[in-house]
Amino acid sequence: MLNSMTGFGRGECVTSSRRYVCEVQSVNHRYVEVRSRLPKRLGALELQVLKTLQGRFARGRFDVTVLEELTGERSCKLHLNRPLAHAYLDAVKTLQSELGLAGEVTLELLLSQSDLFGLEGEEPGAADADWSAVKTALEGAMNALAEMRQKEGGELEAALLGHMDLVEATLETIAAR
């Protein structure tokens, strides 16, 4: 049976404190190429995501998106890195002065710097502890993707066989004439 190279799969895993959603899209490609988008906190898992996909599929270009959201009644405290905010402001003002640029440094500009904010008590290296849940969500997405690729491949095979039957019938008609 044929397998299509295009498809989409979605998987999810819920733990006591978080919900992970993984989406995988694939298109035709000669080799395995993986582009992943993970939350900054989970960036260390990118290589494991790549290896997991390479272990499952022989070819294709994959776009992997992992979403993470906090669940439960856990209280969250947002932490602002004030020294870094001041450093950004000073750097922008210095650059503005050196280059003779007009304009104002706005709050929106500072708020667009994602590394100024974080959740208190979360460490960037803690991603390894989340791998089990992320992997469960990823495997669910890969299973759904494989199922979709197989279903679409079956439809492609049926269409090709239908076209081959039409070609054979046409050849028989031509030979009879």
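## Charges

The protein carries 20 positive and 26 negative side chains. The centres of these two sets lie 2 Å apart. The model behind these values is predicted.

## Helices and strands

How many helices and strands are in the protein? There are four helices and six strands. Along the sequence they follow the pattern β-β-β-α-β-β-α-α-β-α.

## Strand pairing

Strand β4 covers residues 60-70. Two other strands pair with β4: β2 and β3.

Strand β2 spans residues 18-27. Its pairing with β4 is antiparallel and runs over ten bridges.

Strand β3 spans residues 32-37. This strand runs parallel to β4, and six bridges join the two. Here E33 has R61 of β4 as its bridge partner.

In a regular strand, side chains alternate between the two faces of the sheet.

## Overall shape

What is the radius of gyration of the protein? The value is 25 Å. A compact globule of 177 residues would have a value near 16 Å. The C-alpha atoms fill a box of roughly 85 × 50 × 25 Å along the principal axes.

## Burial, surface and contacts

Of the 177 residues, 26% are buried. The accessible surface comes to about 11800 Å². Carbon and sulfur atoms hold 55% of that surface.

Residues 24 or more positions apart account for 77% of them.

Methods. Residues numbered from 1 in each chain as written. Predicted model: local features only at pLDDT ≥ 70, side-chain atom pairs only at ≥ 80, totals over all residues. Heavy atoms only, no water. Rg over C-alpha atoms; globule rule 2.2 N^0.38 Å. Buried < 20%, exposed > 50% of the residue type's maximum accessible area, 1.4 Å probe, protein only. Contact = heavy atoms within 4.5 Å. Areas by Shrake-Rupley, 256 points an atom, 1.4 Å probe, with all protein chains shown as cover. Lys, Arg positive; Asp, Glu negative; His and termini not counted. Charge placed at Lys NZ, Arg CZ, Asp CG, Glu CD. Pairing = 2+ DSSP bridges.
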